[in-house]
Each structure stands twice: as structure tokens, then as C-alpha cells.
Amino acid sequence: MSEWPKEWGEDGSMGLLLISAGDKGKGGLLDRTAGNPNNIYAPFTSQMDWDVAKWAKLCGPSSTAFMELLAIDGLSERLDLSFKNSKELNKICDKDLPGQPKFKCEQIIVAGEAFDVFYRDIVECIRSLYIDPDFADFLIFKPQCHYADEDQTVRLFHDMHTGQWWWDTQVSATIIPVIISSDKTQVTMFRNKTAYPVYLMIGNIPKEIRRKPSCRAHILLAYLPTTRLEHTANKASRRRVIANLYHACMSCILAPLKTAGVNGLVMSSGDGAWHRCHPLFACFVGDYPEQLLATGVKSMECPKCDVPTDELGSNTARYDIRDLHAVLDALALIDEGDLAFVQACHAAGIKPVIHPFWEDLPYTNVFQAITPDVLHQLYQGLLPPNHHIRLFMKGITSLTRLSGTEHSQICRFLLGIIIDVQLPGNLASPRLLKAVRGLLDFLYLAQYPCHSSETLLLLDEARALFHNNKEIFVDLGIQNNFNLPKLHATRHYMSMIRTFGMMDNYNTEFTKRLHIDLAKDAYCATNHKDEFTQMTQWLERKEKIFRHEQYIKWHLDRNRTPHRPCPPDLHFNHTLKMTKHPSAKAVSVPTLISDYGAMYFQEALARYIAELQNPNEVFTCIHLPFHSVPVYHKIKWHGDPLMTVDSIHAKPQCATPRTGDVVPAHFDTALINDGTGGSVGVKGFRVGQVHLIFSIPATATQLLFPPANQPPNHLAYVEWFTPFSATPDPRHGMYKVTRFIRSGERVASIIPVSNISRSVHLIPNNNVLEECDTFVNCYIDRHSFVTLR
């Protein structure tokens, strides 16, 4: 997929000022080696001193355990440590290490009651992300239009700077799109203790970095009060006070954006360049209750538009984005008396919230800022509760609390288990299949890392497929109506992608992951008394260690290759990886036949050798000068970073060493490229079952092949399935394949392992792969969805 950028502005300078090379440091930070240029670990005396400190702060030992470790006689002296206990280490961290902006505590008074909010200066937090040299090569300063064709007719949308909001907002200087996420989370299993973190990200950092917690392109901005106001008996009063408390706290936290957004700030990026920047509140990330709380909209209504509640289930009902000016006019009547204020807010479609946090933020439309939420709206809102497939041994109906990962695993086989289901009352199953297929297609399409103006139309088609067949759920007695806010939210997905880029720019799954590091682990590190003071202090020290580690890496690796950004694509970027040594060094041919199921191994290998030696000659019998071969039990594919993204197993039945339990044989099915397959579509591909992964012995290779025509190092014995049909099944969109039989026997071949593209999951009609037609599951992951649908 090629890229044709149409960049904002003429010279690309964006009012930027360069400082001299001599002034550049670690993102404008003072070089900590100035006092001792030979010690990059300062204020720690040595690498050992630093490594012990990093282990103590990042690897989880308690302060008491660490103190007892250092109390061992002579340990500190032998390791030459600059600290003798955890208090001295904390003193070094607090005094000598730079970090993120410090937390401060402020009391917010609402309804005559004081509440503590712990927060950081949001401008300094933005500056901290902007100045970070790890992001210097990646920072985005201006909007762009990317196209998939040379004629610039098919536009691409991926990062925030490719969306229309950035184009509409940035006129001069540089804007910093501020992304705010809030979400209350449980920090204990039994005591019902909660934390209410608020996270900050900026849209100038690409989403491929932002969505990785290890890159630390986020900052914990605040802990909001978690009071339940149980002493307030009236529920309506309680909800009103909680809403006003939320907005009062958020107003306090975001207040600096009012001036900074209008007047701008001069900030240095990590490469030492200075920019005039305007931080603007752009996106709010949260689940449906958080969206209602932020906007002040009533429950069971859309937080973005004015669609009537009784038309939420319609795919054609007209709607308009809520009128921000009418809402602001209603909020301005707060001094005209309670009755007039309440009536005006009701007419504007919001609750009577006192000074919502977005009221005075410049260039902000909170109703536009509400972003789609794939986790809660699609996985948990609309869908029911091979190694890619998780086996739910007790079914899925007994599950109570499902994570996003479990929902994703259910989606992988949901359509497959209802392909031939018999519906009560002789109802037609195609309607059910099409409705479920529409939801699944929409779910997978919404998670593309990049959309074009053409593929966005597929979102509408998938949603229409569901709506055209959704009445089957009413006929089955599953649903009475479809007036669900989460279902209606899918109508906003296309416009939000055009406005702010793809869904992974603002995904609540990412912030859910942050809860572990920044809320749950922080709470566990306290003594559970005055916990937020301890949590913020613990986090500040941990962030300082991370920052110092980042500084040391920067010092040790100054010759990094500059980053060259390009739009994300749908290719399956992976690298084949085989083990250095075989799983079994020498397996006899009879064992290959009996244990591995390679019934025609000798014939298939002889044919492969003959075709490799003389491609244009008729196959003749070849004698194999060996009786055993080295065998491998697994093929792996690594992604970037180096982690296993796919694998294929070909293992015979065996017994576990300890218990002697029998482990059944495991022979995976694979998608195999005949040499003509492309990156999308099934043309040039075929399904086969891998029974054996092996190498030809080196001594036999010298006898069978000339030096100029050596075979691949790794080969596979596969049994074929029938070729793909011209089109998939129109009911469920999956291809049907069966065992390829010729003259009553299965057809098998020897192929290079490099021809195996990936694993593939087959769904049998009657749960027995060997005895029936099977459907190729296209919902295993994003790549299989793109390739096989």
C-alpha cells in the first residue's frame, strides 16, 4: 500500500526554532554526567549500584524485604552500594533523579463537603511527553492526507493527523491533541476498594507507540475521589453530587488548558527543536457510564447525538450531533435561579451539571470528543458472553465476568458453532447466521489499523447486514427491541474514523491495561492507610527509575537509525523461525508412517526429489539412501518485537514424563502458498494438514542433489484439502473444504516449510475433522479475516 502525503503548510517549519547542537541534551535535560563524565549511572556510583536500585524499585520486593537483604553482613560493602537501606535509596530517588511532574493534593468542596483530589500539572505533563527524546523521531506536527493510489482518490485514515479534526483545527503553529481517559477500577478482591485514575496521552505520538504500555507514552494525570456518598439517602441527590464532584475535579485538573490552548506555549521537542504549541482537549476515552458522566447526558441516551431513545435501534433514523451552543447557553443560566437552570438544561438534553469541565475549554466540543469504545460497545455490548482457540470446557454461559481477551476468544468460533444449528419453531437459520456475521464483520473491520475511503463502506455494509436480519432475535425470544445505546453507537464509527483516525487511537482496552501498573500495583505497595499519598509517592519513584533507565540507554546507544514513518497496513508481518536442533534426531520411516500418519512419505519424498532434480521430466522411481530423518515438532513465526505470533504443531501421541498421562497427537492445518498467493485473498493458497516437519540427512543430500541445486533445510509432509471455491458460502461468508481424495486415498505432498503461510482453523460440520465437510474459520485474527473472507 503506497503513500502519497499531501502535507499541511508549505515549508514544514511550523514556526519552529532550532537550538545549536551544543545545547542539545537528553531532550533538553541537564546532562547528569557533567560532574563525572565517566559515570553515566550517576547519581549511582556504578552499574552494580544502579542495577540493584533498579531491581529494588521495579521488580516488586517490599521495602522490608529489601532492607533485610541489605542488612546481611557485608553485602552492601561487597557490592559497593551507595545506600544501606530502602530509606537511603528513596532519598536518592527523591533528591537526585528527575522524573515526571509531582503530584499535588487539593481539596474540592461540593455540597458543603470536602474531597481530596491528587493530580499533576497537565501542562507540565504534556511538556514531559513532548520533550521525551524517545519520541523525537516519531512526533507529528501537522495534519496530512494519505492516499492509497497515485491519483489521490482513495484516502487513508490511521493516526490522528490523518483525520479531519486536525485539519479543521490547526491553522498556524502546532496543536497538541490532548486525549483524556477516566475509568474507576477495583484495586482489591474483597474489600471493595476502588481507585479512579485519569490518564493523559497526546495525539502527536503515533498510535503504534501510544498503545504499548512499555513505551510509556502515557501519564497518570490524577486520582479522582472515589466516594460513594453512602450517607446521602436520596439516590437522585447522590448521583447529582457525584456528577458535580467529577466535573469540579476535572475542571481543576484541566484548568491550565484554558490559557495554554488560546495563547500557546513554547516547548522543545526531544531533538532540541522549539515549537509554539497549543494543547487542546480533543478526545475523551471511556465506557458508556463515563461518557454519560462527562457529557451530562441522561442514561439510555446517546452521548453524541440527539436521536430519540425509542429509535436507538434504527439503522435509518435521522440524527444530529448535539448542539454545543444550545447546551452552553443553558449552562449560562445557572445564576438565573434553580428552576430556570434545570428547565434550560432539560430543554438542551443534559442534566443540570454545575460548570462541567469542558464549559470553558477552547476549541472543544465534548459531544464530538466522545470516541467509540470497541471493548464495551462491541465485545461486551453486542456479542454474547488450533492454538489460537481457547477451549471453554464448561461452556460460555457459566462465565460471569468476561475480560476483553475472553470476548475476543469467543468471537473466534461463535459463528462456527451455529452454522448448522436447528432453531425452534422451524425458523430459518440463514437469518441468524447473517445477523451474527454482520456483527462479527463490523467488529473486525472496526479494528483495522488503517481504513481507506473505500473500506469504510464495508462498515456500513456489515452494520446493514445485521439490521436487515436482527428480527430473528425477537422471533427467538432473545430480545424485545434493539433500542440499545451501544448498538446505536456503531452508527458513529465511520464519522469518528474520518474525524480522529482509527479505533486504536482511543481504545479503552489500553487504559484497562494501565490500571494494573498505575492503580492495582500501586495500591498493593501501600499499607492501605492514607493510600493515595503513598500510591503517588510510589509511582513518582518508579517513574524516576524508568526515566533514568531511559537516559542510560540513550547514552549507550546514540547511533540509532532515524525513524521513517509509514501508514500501517494489513499485512501479516512475521518471520519464520525453526529450532536450531530437531525435536527427534532420527525417526525411522516405519515410525513416520505409524506415529506421524505420513502414510505415503517415501513416495511423496521420491516425487519431490525427482521434480527438484529434473522439473521437466516424467517422474521415475528414486531410491532413498537413508532409513531415518531428523524431525521437528513445531514451526514458529515471530513478529516485531520478537514474540511468537503464530505456530504449527506436528507431534505424535506421547506420555507426560511425570504422570504418564497420554497426550493425543497434534497435527495442525495450515494455509499453504503455491507460489502465486498474494497478501489478500485466497487465490494461490490451499489448505493442508501438516503431519511431519523434517530435514533430509546431510549425507543423503550430497548423494541426491548437485551442489548448485540443494533442497531447502526444512521440508513438510502435508495432506491436502480441496482447493478453495470461487466464492465463500453466502450465508456465513466462510469457504468450505473437504479432504482431497483420489482413487480412495488421501493425496499428500512434500513441500518446503517456507511455503507454509500461517496456521488455519477448520470448523467441522459434526465435530470430527476426518469425516465431514469443514469450513475455514476467517475470524481467528485480523489477517485471517482479511485473507479468507
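Ala, Val, Leu, Ile, Met, Phe, Trp, Tyr, Cys and Pro count here as nonpolar, Asp, Glu, Lys and Arg as charged, and the others, Gly among them, as polar. The model is predicted: local features need pLDDT of at least 70, side-chain atom pairs need pLDDT 80 or more, and totals for chains, interfaces and linings use all residues. Numbering starts from 1 along each chain as its sequence is written, and side-chain values use heavy atoms, without hydrogens or water.

**View 1. Lining of the largest cavity.** The cavity (points on a 1 Å grid over the protein atoms alone where a 1.4 Å probe fits but cannot get out; lining residues have an atom within 4 Å of a point) holds about 100 Å³ of space. Its lining has 14 residues; closest to the centre are Gln291, Lys304, Gln377, Ala489 and His492. Eight lining residues are nonpolar, five polar and one charged. Helix α19 (485-489) and helix α10 (288-295) each supply at least two. The most, three, come from α19. Helices are DSSP runs of H or I, at least four residues, numbered from the N terminus.

**View 2. The largest nonpolar core.** Such a core joins buried Ala, Val, Leu, Ile, Met, Phe, Trp, Tyr and Cys residues through side-chain atoms within 4.5 Å; buried means under 20% relative accessible area (1.4 Å probe, protein chains only).

**View 3. Surroundings of Val776.** Beyond neighbours within four places in sequence, Val776 is in contact (heavy atoms within 4.5 Å) with residues including Val687, Phe724, Tyr735, His761 and Leu788.

Methods. Buried < 20%, exposed > 50% of the residue type's maximum accessible area, 1.4 Å probe, protein only. 1 Å grid on protein atoms, 1.4 Å probe; cavity = no way out; pocket = protein on both sides within 12 Å on 5 of 7 lines; lining within 4 Å. Points joined across faces, edges and corners; volume = space filled by probe spheres on them.
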